Each structure stands twice: as structure tokens, then as C-alpha cells.
Amino acid sequence: MKDIVPAPPAIVRNDAVAIQDLYRQNVVPSYGRFELVLSHGSGSHLFDVAGKRYLDLGSGIAVCSLGHAHPAITEALTEQSRKLIHVSNLYFTEPQGRLAAEIVSRLGAGKVFFSNSGAEANEGLFKTARKFGHEEGRFEILTAINSFHGRTMAGIAATGQDKVKKGFEPIMPGFRHIPFNDLVAARAAISPATVAILIEGVQGEGGVTPATAEYLLGLRALCDEKKLLLFMDGVQCGYFRTGRFQSFQRILEGVPGGEKFLPDGISMAKSLGGGFPIGAFWLRAPYQDLLGPGTHASTFGGTPLACAVALKILEVVQREKLDENARQLGAWMQGELTRLAREYPQVITNVRGLGFILGFELAPNIAKLPGEPAKPQSIRFVNMLHAAGLLTVPAGLQVIRLLPALNLTQADAAEGIAIIESVVKQLA
Ligand SMILES: Cc1ncc(COP(=O)(O)O)c(C=O)c1O
């Protein structure tokens, strides 16, 4: 047997240490990675290379909208890859046109440009703003303190957190940051050079903070009054995560005047492709043609393969009413987390979010929290959850984020809450 079947190379043996060594020697160390080496998944569960099972309530940071190894995605990938993977944007293909129409139908009259990532989608919004204000010499975009808009040079300039800018100065000019959910500050910050305001409907990386309805409506009125474009970054909080296609639709439900609200542009990525890279931005009429032929492009933007996958995911979300699932199960989880905060105020001080974008804030200086005191509490808490078999995502120093797959089951949700409760109890 030994002679016939040679020993597989380390990577096939799924040796955790060998894989980590490959990274240490060959991969740029820009990420602070956890120790886990993952091998495969199914639904909302993942397995590491030693066979340990984890419930995944992070979904690759709000990406795996249908969980792992969903047969509909495999089918769309194989079917489309047999026909056409890529042709370039020199030509028309059906999946891109159909996906754009699906997005337009969920937002309003306008048009869509396809990119590969969230940062690239935001770049498109920035370029649209520059084009819009060019003749008047307006170029400045206001974004929120604690926002996150990506890691490109314009992305870090737009992001309202110093830690992403440090070491990359000079920062690209044309962005200023304003306090989130503060209309008075927004009005006061507008200068003759201001051309747009960009906000997240729910700040994700910044600690899971939803915009208020008054803020959204007030920003819309302010932008109309001052002839500014109002952009929303829906990369993390969009795509049905809040229970509606975009977070503003959920935040403004039942609010007088809310049904008429539309931003002028929205960026998307993450869940749109369920793990296959695709980003997009939608521009509302009459701004949808500002980027004319030759002004913007992306080689891989909107390939037939990416769009076929995204179309298939939309079909599943719609058929299985996964938006409702995110809304209802998210509310149940939020209720359970709120109960934990009530029962263990010495561990959890605050619970925030909407649907399947949830965050709970840890009490300062939890004495029993293991790990190096120099490391943020959020990282140390996530490490404890890993040991207990649960994946979540830290947000900043004190907040733990839950961003489950849209098809999470009630049993999975209950398992997640039970694991969180067991860890919280250890720390109380
Ligand atoms: C709100 C928001 N915008 C933009 C981005 C950047 O997206 P990407 O990493 O796909 O470039 C992220 C990523 O986490 C995000 O959360």
C-alpha cells in the first residue's frame, strides 16, 4: 500500500502547524489572525483541520449569506462555469444585466456598476461624487466618526478611525469626519467644497450602531437643501441582514415620510456573492449616468460567473424568505442577549443591532477574562468562544459582533446563545 499511494503533501494532510508555517513564511502579515485552521463547512457549521466543529455566527464577516457549501451556489458555479466565466466589460452578458435589474427593482430607478469588493464599490461612489461636483470645484465628502469604508487609499481616508490611517500618511485629501447620528454637527460641517455625505446604515466595524430614523430623514433633507449627494455604505449591513434589502428600509419602516426616502447611491459587496467576490454600487436617477463611457472600469467587475452566483443567491433568499428569517431569528437572539446583559451586567453592558447584525458590548476590565491583558477584551472573549466552539467577530476593543448566515436555523441560534451564555457564566 505504502508503495502504491505516496504520502500526500502537508497541505493535503491538513496539518495545522504546517499550514500556519506556510502563512508565516509566505503570506504578508497584515492580518492579526486567530489560531484556527479551517478545513470545510456545511450550513452554519465549520470544521477545523483536526475535525473540531464550530458554529459560525460570523459568516466570514457577513459574507456567507447561505452558509457554507450550499448546493445552490455549487450548482450556479458549475453550471455557469461550463458556459462562460469571463469575457470583460467590452461585451454584454445576460447575468450582469439581470443582476443589475434585480438590484434596481429593490431600490428604485437608477443603475448599477459592478466591482469585486466593498472598498472598490465605495471608490465608485467617491468618483461619482467628484464628477458631480467637478465643475463647481466641490469635492469634499463627509463621513462619520467610527465608520469603516475599506482599506484602499481613498477607503482609509473615508474611514473615520485613526487606526486605519496610521503609517499611510499623507492621507488622500477630500474627506472629513462628523459625529454619527448628529444632524447639528452634519449641518455645521458643510463647507463650500462639500459635495456628498456617506454613512453606514448600521456602523459595523465601529461597534454595531444603527443610524436613527431622524438622522436618515434629516440627512436627506440637508443634502437636498445643500445640493449634496447622500450615499450609504451597505457593504456590511445591507443585503437583507436587517430584515430588508437595505438597512434604511428597515430603519424607516412605519416612520412618517420614510417610504419616500432614498439615498443617491449605495455600495454593496460581502453577502451579495455569498463568498464569491462581487461588489456593486447603485446610483439613483438622475445621477446614474454621471460615470460615462471611459470614466470608470474594473476588469473582473460583474463577470457572468459572479453574477450568476449572486442571482442564484437572490433566488434562494426570496424563495425561502430569508429576510424574514433574519428579522425574526435576529429579534429572538437580540432578546436572548439582552436577557444575558440583564442577568450578567458584570460581563455584558449593552446589546445593539437589527436582525442579523448584532453586537454586545463587554463590561470594562472583566477580571476573570483570560489572555494577555495587553490584548483587547473583544479578542480575548472571542478566543474563549472559539474554545467553546463558536465563531464570532470582534468590533473594536469591547464589542462582539454576530453576523450569521441568512439561513441560520432556530436550533443553530439556540446553540449559539447557549455557548455565549456558558462563556459569560464563566466570567461572571
Ligand atoms: C461597511 C463596510 N464598507 C466597506 C468595507 C470594505 O469591503 P471590502 O473588504 O470588501 O473591500 C467593509 C468591510 O468590512 C465594510 O464593513
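Figure 1. Ala 119 places a backbone N or O atom 2.8 Å from an oxygen atom of the ligand. For Glu 205, an N or O atom in the side chain is 3.5 Å from a ligand oxygen atom. The model is predicted: local features need pLDDT of at least 70, side-chain atom pairs count only at pLDDT 80 or more, and totals for chains, interfaces and linings use all residues. Residues are numbered from 1 along each chain as its sequence is written, and side-chain values use heavy atoms, with hydrogens and water left out.

**Figure 2. The shell around the ligand.** There are 13 residues around the ligand, and Gly 118, Ala 119, Asp 233, Gln 236 and Lys 270 come nearest (a residue is near a molecule or strand if one of its heavy atoms lies within 4 Å of it). The shell divides into three nonpolar, six polar and four charged residues; Ala, Val, Leu, Ile, Met, Phe, Trp, Tyr, Cys and Pro count as nonpolar, Asp, Glu, Lys and Arg as charged, and the others, Gly among them, as polar. Helix α6 supplies the largest share of the shell, three residues.

Figure 3. Helix α6 (residues 118–133) has 16 residues and reaches 23 Å from its first C-alpha to its last, close to the 22 Å expected at 1.5 Å a residue (the expected span is 1.5 Å times one less than the number of residues). Helices (H or I, at least four residues) and strands (E, at least two) are DSSP runs, numbered from the N terminus. Ser 117 caps the N-terminal end of α6, with a side-chain oxygen 3.2 Å from the backbone nitrogen of Glu 120. Among the buried residues of α6 are Gly 118, Ala 119, Glu 120, Leu 125 and Phe 126 (buried means under 20% relative accessible area, exposed over 50%, partly exposed in between; 1.4 Å probe, protein chains only).

**Figure 4. Helix α11.** In α11 (residues 304–319), the end C-alpha atoms are 22 Å apart, which agrees with the 22 Å that its 16 residues should span at 1.5 Å a residue. The helix is mostly covered, with 13 of its 16 residues buried.

Note on methods. Polar contact = N/O pair within 3.5 Å; in protein donor to acceptor, adjacent residues only side chain to side chain.
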